[in-house]
Amino acid sequence: LPPPANDLCSGAIDITCSNYSGDNTYATDDALPASTCGATGDQNYKGVWFTINVPTTGSVTVSNCTGTTWDSYIRAYFGTCGTLTCVSNTTGVGYNDDGCSVQSSITFTATASTDYYIYLSGYSSSDFGAYTITATCPQPPPTNDNCANATAFPTVPTDGTCSTLSNQSTAYATNSNVTPTG
């Protein structure tokens with residue numbers, strides 16, 4: 001049978017803010033990019049490629065913790081297929097083995113509108129089969145995150161009643177670095 005469509009970097013499947021289920025049984029054992037990204041010996045069997053391009057800068061988690069039963073290895077790169085560079089994650093390198101039992105999970109800070117390439121492979125030559133890979137993206141800040149888009153308070157009534165400003169939240173708001181005065 002032929003290898004999967006994402007067997008090579010040039011056929012990477014976009015998983016931005018979503019998940020993908022596939023099977024790497026017929027994938028080939030690729031040569032790793034020149035940029036060192038984790039182990040360089042084993043841990044590179046039957047790899048498949050994915051891309052991520054987030055709309056908002058922030059923390060991205062890519063994992064195959066659910067829907068995969070075999071021992072996996074994940075690497076994250078940026079650049080183009082011919083010149084990939086390993087990214088940094090919370091452990092200081094752009095790769096993970098056994099982040100969730102024998103499956104893998106990687107978290108790194110992604111810059112908006114930057115292409116990232118994710119390489120999912122088996123840890124040994126017997127590690128392959130059905131998998132699910134998931135990319136969790138940063139949430140965008142609220143529309144009134146900066147002063148130029150401030151939400152106007154309702155007009156204060158003059159009859160002694162109160163007015164309210166509802167459906168507001170600071171969830172995912174960024175630090176404005178403004179010091180209140182007054």
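Start by selecting Ile74: at 0% relative accessibility, Ile74 counts as buried, because buried means under 20% relative accessible area. Keep in mind that you are looking at a predicted model.

Now show the strand around this residue. Ile74 lies in strand E5. Next, display what surrounds Ile74. Leaving aside neighbours within four places in sequence, its contacts include Val62, Ser63 and Asn64, and among the others are Gly94, Tyr95, Asn96, Ile106, Ile118 and Leu120.

Next stop, the nonpolar cores. Select Phe50, Ile52, Val62, Phe108, Ile118, Leu120 and Ile133, the residues with the most contacts inside the largest nonpolar core, which has 23 residues. At least two residues of this core come from each of the strands E3 (45–52), E4, E5 (72–78), E8, E9 (116–122) and E10. Then select Cys37, Trp49, Tyr77 and Tyr119, which are included in a second, separate core of 8 residues.

Finally, switch to a cartoon view and look for the sheet. Four strands form an open sheet in the order E2-E10-E4-E8, with antiparallel pairing. At its edges are E2 (19–23) and E8 (105–110), each pairing on one side only. From one strand to the next, the twist averages 15°.

Zoom in on E4 (residues 58–63) and E10 (residues 130–136), which pair in the antiparallel sense over 3 bridges. Which residue in E10 is the bridge partner of Thr61? Select Thr136 to see that partner.

Key:
Residues are numbered from 1 along each chain as its sequence is written. This is a predicted model: local features need pLDDT of at least 70, side-chain atom pairs count only at pLDDT 80 or more; totals for chains, interfaces and linings use all residues. Side-chain values use heavy atoms; hydrogens and water are left out. Two strands pair if DSSP finds at least two bridges between them. Axes are lines fitted to C-alpha atoms, for helices over the stretch in contact, and angles run from 0 to 180 degrees between N-to-C directions. A nonpolar core is a set of buried Ala, Val, Leu, Ile, Met, Phe, Trp, Tyr and Cys residues joined through side-chain atoms within 4.5 Å. Buried means under 20% relative accessible area, exposed over 50%, partly exposed in between (1.4 Å probe, protein chains only). Contact means heavy atoms within 4.5 Å.
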